[in-house]
Every structure is written in structure tokens, then in C-alpha cells.
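This report goes through a structure for a reader who has not seen it before. It takes up pockets, a helix pair and salt bridges in turn.

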Amino acid sequence: MGFKCGIVGLPNVGKSTLFNALTETAAAQAANYPFCTIEPNVGEVAVPDPRLDSLAKLAKSLEIIPTRLTFVDIAGLVRGASKGEGLGNQFLANIREVDAIAHVVRCFVDDDVTHVENRIDPVADIETVETELMLADLDSLERRVDALEKKAKGNDKEAKEALDLVSRALALLREGKPARMVQRKPEEERLFHSLGLLTSVPVLYVCNVEEASAATGNALSQRVEERAKAEGAVSVVISAKIEAEIAVLSREERAEYLGAVGLAEPGLDRLIRAGYGLLDLVTYFTVGPKETRAWTVTRGTRAPQAAGVIHTDFERGFIRAETISYQDYVTLGGEAGSRDAGRMRLEGKDYVVADGDVLHFRFAN
């Protein structure tokens, strides 16, 4: 599994259209009225990676298994969600369950598609959603302070650490800044994550533009890009209409269509790359005659933990990892060629897995 990405935004910005296109299903109802998505819809897509084809061809693999990405289409948020307005409570609960947020922002003008607040202003839309999330976080943290202070006075070490984090987060939230901007040490990450703050989830802004602007963006998406850079976030430009149209085409038809509209690749590819970068993920491969398979781990993951993604027994009994870089594997004609050239390495428990590694784990039963 790659990661779980929640698609959020105001009603009628193109969330469900994008979800349908990305998952190539009609599981989410796309309609021109608020709250058409009542329950979160979940869909999985294969993560495109051309390296898989090259590896499988050399190994003569019978099957190719890409890593997968989960998208969750979450009900549209409106002003007042933090107080339970609209589908606020459900919206907020669903966000707590995702690894990242793909915040779809309307960057197109279409009189036939209503806007819940009767205006086209993507930055204001972002602020509406962000404000509701910050208000919910403020309420959550303020209700914890008294209990943490009492425990801290009793010399509870974890309570003191939590109180310090909560205080820092509250200071930022009261300034109108999201909790993800809290400066923290690596050893504080686990405790910070346990606070369950909505605005601590990494955000990727998805600028939904008209078809003519899919390749270059427009003035509205430029404003979102500037906003994203200012807060250290990421933005991508996508036309949900184009994604919906190419979702039902064959690979050849899709390439022809994309070329005609000036695009080198589907928006899905750009969205996944941006999401991987946002969460700092890398891909490693296992290759053999039966299958060539991609696996996703967080950058900095050591070999035993990477093995554990395949099976917990691999991590528990880890001995070493036979390691070949993707470039060596392809250039030298596969495993045998890499071994003969001395490019296969035996790595131990402290080895940090690199993107593109071809790994074979040795473990004790």
C-alpha cells in the first residue's frame, strides 16, 4: 500500500468527479448540489511506475504487481463544520483516518456549476476549510489543557511533554496557522501524532481547472500555488473533466488524447508523485520469475522494517538483504549480471532502503 489520501474540499469543486476518474469507477456520485457524497467512498488505484515493466521483462516475470494508493472521497465541508453544521462531524472524523489530504480547489469559472458561497475565489475556499479544521483543533486542545496541567504538576513526564506540544500548537492555531507548522524534534513526532490534530495532516492542493488550462494552469491556480509555497505545502494542476474522459479510454487512446490537449501524462501520475513527495515515500522492488512487485516505505526506513511490509516474519527473522540498485539491475541485465559484476550487496539491519532498490530478504524461520 502506498498511502491513504482523503479528497476534501467545499461542495461542487469537483471532488467526486476527480475521485471517479482516479479510481476509474462510478462509486462516488458526482452531482451539482451540496452533500451528494454522503458516506466516504473508498477506491484503490495502482501506482504507475515504468520501472516495473523493465524489471519484469528482464526477470521474465509472469505477473506485475504495483503498489496501490487508497483514495477516500470525503463529504463536502461547509462553513460551520467545526460546530457540526452540514456534515461537519462526519467530515472531521473521516479526516483523522487519512495520511494526507488532497484539498480540491475550484479554479474554473462555469455558470452552470453553483458555488456554495456564490463566488469563485480559491484562496478564500482554502481558508474556509482550513478555518473549520483549526477551530476543531482549538476546541480539542483547549479541552485537554486542564487535565494535562494537573498530571504535569504531579511530575508525569509524558504529560509535561504533551502539555508543551499542546501549548505550542495552541499558540499557532490562535494565530490562524495550522498545527502542522509546529516546530518539533524527531523524538516528539510520535506524541505529536497521538494528539490527532486535523491540521497536522500534510496537505496537497489540487487545482481543478477548465480543460483549456490543464497543461499550464490559470490565474486562479497561480494564486493557489503562491499560497501553497507560502505555507510550505504542494499544489498540482488537474482538470477533473479530462481525467474523467481519459479514465474510460484504452492506453493507446489515452496517449493520443493527452497529446491532443498538450499533456504528457495523466493528472493521476502528477498527483501520486506530489503525494509521495509530500509524505516522503520511496519504492523498492522484489523481482523473480513468478512476479515483479513494488512496495512503498517511508524514506529512512531500515531493511528489517522494509521486510516487515511484506510479512512480519521477514522482519522478526531478518538476517540480511541482497540489494541491487534499479539502475544496476537494468544496465547489467538482471540479477545474474549484477552479481557477476559485483554490484549485488549484502546489507544488514542498519541499511536504509533507497528508492529503486531491488531487494531479496534472507530471514530465519
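## The largest pocket

Helix α11 gives the most to the lining of the largest pocket, with 5 residues. The model is a predicted one. In it, the largest pocket has a volume of about 960 Å³, and 33 residues line it. Ala46, Val47, Pro48, Asp49 and Asp269 are the lining residues that lie nearest the centre of this pocket.

Sorted by class, the lining of the largest pocket has 21 nonpolar, 1 polar and 11 charged residues.

## The second largest pocket

The second largest pocket has a volume of about 540 Å³. Its lining is made by 21 residues, and Val98, Asp99, His193, Pro202 and Leu279 are those that lie nearest its centre. Two or more lining residues come from each of the elements α7 (189-194) and β9 (291-298).

By class, the lining of the second largest pocket divides into 11 nonpolar, 6 polar and 4 charged residues.

## Helices α4 and α6

Two packed helices are described by the angle between their axes and the distance between the axes. For helix α4 (residues 122-142) and helix α6 (residues 157-174), the angle is about 145 degrees and the axes are 10 Å apart. The crossing in which α4 passes α6 is left-handed.

Which residues meet where these helices pack? From α4 come Met134, Asp137, Leu138, Leu141 and Glu142. From α6 come Val166, Ala169, Leu170, Leu173 and Arg174. The contact of α4 with α6 has 7 nonpolar, no polar and 3 charged residues. Among the charged residues at this contact are Asp137 and Glu142 in α4 and Arg174 in α6.

## Salt bridges

How many salt bridges does the structure hold? There are 24 salt bridges. One of them joins the side chains of Glu127 and Arg227, with an N to O distance of 3.2 Å.

This pair links distant parts of the chain, as Glu127 and Arg227 are 100 residues apart. Glu127 is in helix α4, the helix that also packs with α6. Arg227 is in helix α8, which covers residues 219-230.

How values were computed. Residues are numbered from 1 along each chain as its sequence is written. This is a predicted model: local features need pLDDT of at least 70, side-chain atom pairs count only at pLDDT 80 or more; totals for chains, interfaces and linings use all residues. Side-chain values use heavy atoms; hydrogens and water are left out. Axes are lines fitted to C-alpha atoms, for helices over the stretch in contact, and angles run from 0 to 180 degrees between N-to-C directions. Helices (H or I, at least four residues) and strands (E, at least two) are DSSP runs, numbered from the N terminus. A crossing is left-handed if the near helix is turned anticlockwise from the far one by less than a right angle, and right-handed if clockwise. Contact means heavy atoms within 4.5 Å. On a 1 Å grid over the protein atoms alone, a cavity is a set of points where a 1.4 Å probe fits but cannot get out, and a pocket is an open set with protein on both sides within 12 Å along at least five of seven lines; lining residues have an atom within 4 Å of a point. Grid points are joined across faces, edges and corners, and a volume is the space filled by probe spheres set on the points. A salt bridge is a side-chain nitrogen of Lys or Arg within 4 Å of a carboxyl oxygen of Asp or Glu.
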